[in-house]
Amino acid sequence: MQNSSLSDWVNLVKKQLKTEDIYSNLQVENLENLEVKPYYSEVSKPLQNLPKIEESTHLVANYEETLEEDVFAFLLKENVPNLSEKVLFIDNPDLAEYIKTKDENIYFSLIDVFDDKKNSGAINEQLTKELLQKNFKRNICIDVSFHQNCGASILQQIAISLAKTKDLVENFGSEIFNKLIFRIAIGGNYFFEISKIRALKLVFNQLSKEFGKDEIPYIFAETSLRNKSKNDAENNLIRSSLELSAAMIGGADAVYSNNYLLENATKLSEEISFKQQIVLAYESLINVFDDAANGSYYVENLTQQIAEKSWQLFLDFEEKGGYIETMKSGELQNLIYNHAISEQNWVKEGKIKLIGVNLYPKLEQTKEISDLYDETVLKPVRWAEMFE
């Protein structure tokens, strides 16, 4: 077979697009202000394999008695006393307080100790101390899924992750690094989300080295609610499948799918939501690789851009006193608000396409952007809400 050169491909694309100016036509605009080229022939600084902690990504289901025999990892909001040989993610502060751990189970806390939802960002020190005393594999959750669903950019999500980590280290010492678990939400921008996970691994390791450690982040990735619609459950299902795929390829240690029915969820919809993970893992085997995207010039380039820009944003937060201080001042809320508004405008203009919402729409716009957002308060908002 004859080898094709770059110029051969360029000439073919010029012919197909009927233009000499193919690069401006193929340029992809994005709100992260990342450079995305139509073609990559190399990466300037190839990355080493970015490992994950778990050998195989945990597939996490909400607890149901009928799943007990076949499912290994559960998200628990209430106590289930007789579980054995399971991985259990605790998502309730009251449950974490009184649960009795057993040696044959592995326990993780998904409880964020920062007061984000009241917009103070303060650390609940008593809760943190209590969780650190628990016999959990990972005791303290840094939740940025909340910020993603409020409209935070990828760069903001990673910078917030680092800023929260730094505040915890300053309060509880560097030994807390290997007690952390990051809870992140995966959106629909497939390759960007793969790169987000990989970039978080890079910058977290970089931060740990500043304190004499060499740590890898434990990443619990769940499907986003921001791009889901009440009126298009089947489309939600397709979107969440892609998000789960991005999480596994990016190297998440655990994945969880929120129910694709936003209202009136059923046992069947719960089962289908979980079985998305089963299909991806058992039929594609993408949950067993440390870093499946390693070697992709496009993903490598995105990963490094995200890592560099989010690290700089983290340093900006630090100059202003860290995560808690930027929350107290309202500056962080304003940053997220501005990005969220830009996203929502792109949805309104059709630059972000949501089938059934702004493309082949079933409904007319019912709310203005100003009805949905408040620049002083972090509040999860779905893009489709302005059409529902």
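Colleague: How far apart do the end C-alpha atoms of residues 139–371 lie?
Modeller: This is a predicted model. UniProt, in an unreviewed entry, lists residues 139–371 as "domain: Methylmalonyl-CoA mutase alpha/beta chain catalytic". The span is 57% helix and 8% strand. Its end C-alpha atoms are separated by 38 Å.

Colleague: How many helices and strands does the protein chain have?
Modeller: Residues 139–371 cover a part of the chain, with 57% helix and 8% strand. For the protein chain as a whole, the secondary structure comes to 13 helices and eight strands.

Colleague: What radius of gyration does the protein chain have, and what would a compact globule have?
Modeller: The C-alpha atoms fill a box of roughly 70 × 50 × 50 Å along the principal axes. A compact globule of 388 residues would have a radius of gyration near 21 Å. The protein chain agrees with this, because its own value is 21 Å.

Colleague: What share of the contacts between residues at least 6 apart in sequence joins residues at least 24 apart?
Modeller: A contact here means heavy atoms within 4.5 Å. Among contacts between residues at least 6 apart, the share that joins residues at least 24 apart is 68%.

Colleague: Is V43 buried or exposed?
Modeller: V43 is in the loop between α2 (22–26) and β1 (58–62). Buried means under 20% relative accessible area, and V43 has 13%, so V43 is buried.

Colleague: What is the relative accessible area of V288?
Modeller: V288 is in the loop between α9 (267–284) and α10 (297–319). Not counting residues up to four places away in sequence, V288 touches K52, E55 and S56. V288 counts as partly exposed because its relative accessible area is 41%.

Colleague: How far apart are the mean positions of the positive and negative charges?
Modeller: The accessible surface of the protein chain comes to about 18700 Å², and 48% of this belongs to carbon and sulfur atoms. As for charges, the chain has 41 positive and 61 negative ones. The distance between their mean positions is 2 Å.

Terms used:
Residues are numbered from 1 along each chain as its sequence is written. This is a predicted model: local features need pLDDT of at least 70, side-chain atom pairs count only at pLDDT 80 or more; totals for chains, interfaces and linings use all residues. Side-chain values use heavy atoms; hydrogens and water are left out. Helices (H or I, at least four residues) and strands (E, at least two) are DSSP runs, numbered from the N terminus. The radius of gyration is taken over C-alpha atoms; the globule rule is 2.2 Å times the number of residues to the power 0.38. Accessible areas come from the Shrake-Rupley method with a 1.4 Å probe; for residues, only the protein chains shown count as cover. Lys and Arg count as positive and Asp and Glu as negative; His and the chain ends are not counted. The place of a charge is taken as NZ of Lys, CZ of Arg, CG of Asp or CD of Glu. UniProt positions are given in the numbering used here, feature names are shortened, and annotations may be inferred rather than shown by experiment. Buried means under 20% relative accessible area, exposed over 50%, partly exposed in between (1.4 Å probe, protein chains only).
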